[in-house]
Amino acid sequence: AGLRLDTEEGAKAALKPGKPGESEAYLRLTHAEPKKRMPPASANKTLTPAQIALVKKWIEEGAKYQPHW
């Protein structure tokens, strides 16, 4: 889907610290159109409203990037 969060460069492109409404990652989590929402329905995984709220809070607080591994 052209969105990578597993690299610092990808995360910086998808996140606007302090601005969830301008962050592509958050916009995809909350998109009204199911075909554009992340994760895709074909993944058979969904985020709870609490998980989405946590992502929003993290972005609002600066979205500090840390490598996963």
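Asparagine 44 is found in the loop between α2 and α3, where helices (H or I, at least four residues) and strands (E, at least two) are DSSP runs numbered from the N terminus. This is a predicted model, in which local features need pLDDT of at least 70 and side-chain atom pairs count only at pLDDT 80 or more, while totals for chains, interfaces and linings use all residues. Residues are numbered from 1 along each chain as its sequence is written, and side-chain values use heavy atoms, with hydrogens and water left out.

**Backbone geometry**

- Most residues other than glycine have a negative phi, and most peptide bonds are trans.
- Asparagine 44 has a phi near 55 degrees, a positive value in a residue other than glycine, and asparagine 44 is classed as exposed because its relative accessible area is 70%, on a scale where buried means under 20% relative accessible area, exposed over 50%, and partly exposed in between (1.4 Å probe, protein chains only).
- Alanine 63, which is not a glycine either, has a positive phi of about 45 degrees; alanine 63 lies in the segment after α3 and counts as buried because its relative accessibility is 9%.
- The peptide bond that runs from methionine 38 to proline 39 is cis, with omega near -10 degrees, and proline 39 lies in the loop between α2 and α3.

**The largest nonpolar core**

- Nine residues make up the largest nonpolar core, namely Leu3, Ala11, Ala14, Leu15, Ala25, Tyr26, Ile52, Ile59 and Ala63, where a nonpolar core is a set of buried Ala, Val, Leu, Ile, Met, Phe, Trp, Tyr and Cys residues joined through side-chain atoms within 4.5 Å.
- The elements that give two or more residues to this core are α1 (8–14), α2 (24–29) and α3 (49–60).
- Alanine 14, one of the core residues, has its place in helix α1 and counts as buried because its relative accessibility is 1%.
- Leaving out residues up to four places away in sequence, alanine 14 touches Leu3, Leu5, Ser23, Glu24 and Ala25, a contact meaning heavy atoms within 4.5 Å.
- The C-alpha atoms of alanine 14 and proline 39 are separated by 15 Å, and the two residues are 25 residues apart along the chain.

**The loop between α1 and α2**

- Serine 23 lies in the loop between α1 and α2, and serine 23 counts as buried because its relative accessibility is 0%.
- The side chain of serine 23 reaches the backbone oxygen of lysine 19 at 2.9 Å, a polar contact being a pair of N or O atoms within 3.5 Å, of which, within protein, one must be able to donate a hydrogen and the other to accept it, and for which residues adjacent in sequence count only if both atoms are side-chain atoms.
- With neighbours within four places in sequence set aside, serine 23 is in contact with Ala14, Leu15, Lys16 and Ile59.
- Lysine 19 also has its place in the loop between α1 and α2, but lysine 19 counts as partly exposed because its relative accessibility is 43%.
- Lysine 19 and leucine 29 are ten residues apart in sequence, and their C-alpha to C-alpha separation in space is 14 Å.
- Lysine 16, again in the loop between α1 and α2, is partly exposed, with a relative accessible area of 37%, and lysine 16 touches Glu22, Ser23 and Ile59 when residues up to four places away in sequence are not counted.
- Lysine 16 and glycine 62 are 46 residues apart in sequence and 8.1 Å apart in space, C-alpha to C-alpha.

**The largest pocket and leucine 5**

- The largest pocket is lined by Leu5, Leu15, Ala25, Leu29, Met38, Pro39, Leu47, Val55 and Trp58; on a 1 Å grid over the protein atoms alone, a pocket is an open set of points where a 1.4 Å probe fits, with protein on both sides within 12 Å along at least five of seven lines, and lining residues have an atom within 4 Å of a point.
- The volume of the largest pocket is about 210 Å³, a volume being the space filled by probe spheres set on the points, with grid points joined across faces, edges and corners.
- The lining of the largest pocket divides into nine nonpolar, no polar and no charged residues, and α2 and α3 each supply at least two residues of this lining.
- Leucine 5, one of the lining residues, is found in the segment before α1 and counts as partly exposed because its relative accessibility is 41%.
- Leucine 5 touches Ala11, Ala14, Ala25 and Tyr65, not counting residues up to four places away in sequence.

Note on methods: Ala, Val, Leu, Ile, Met, Phe, Trp, Tyr, Cys and Pro count as nonpolar, Asp, Glu, Lys and Arg as charged, and the others, Gly among them, as polar.
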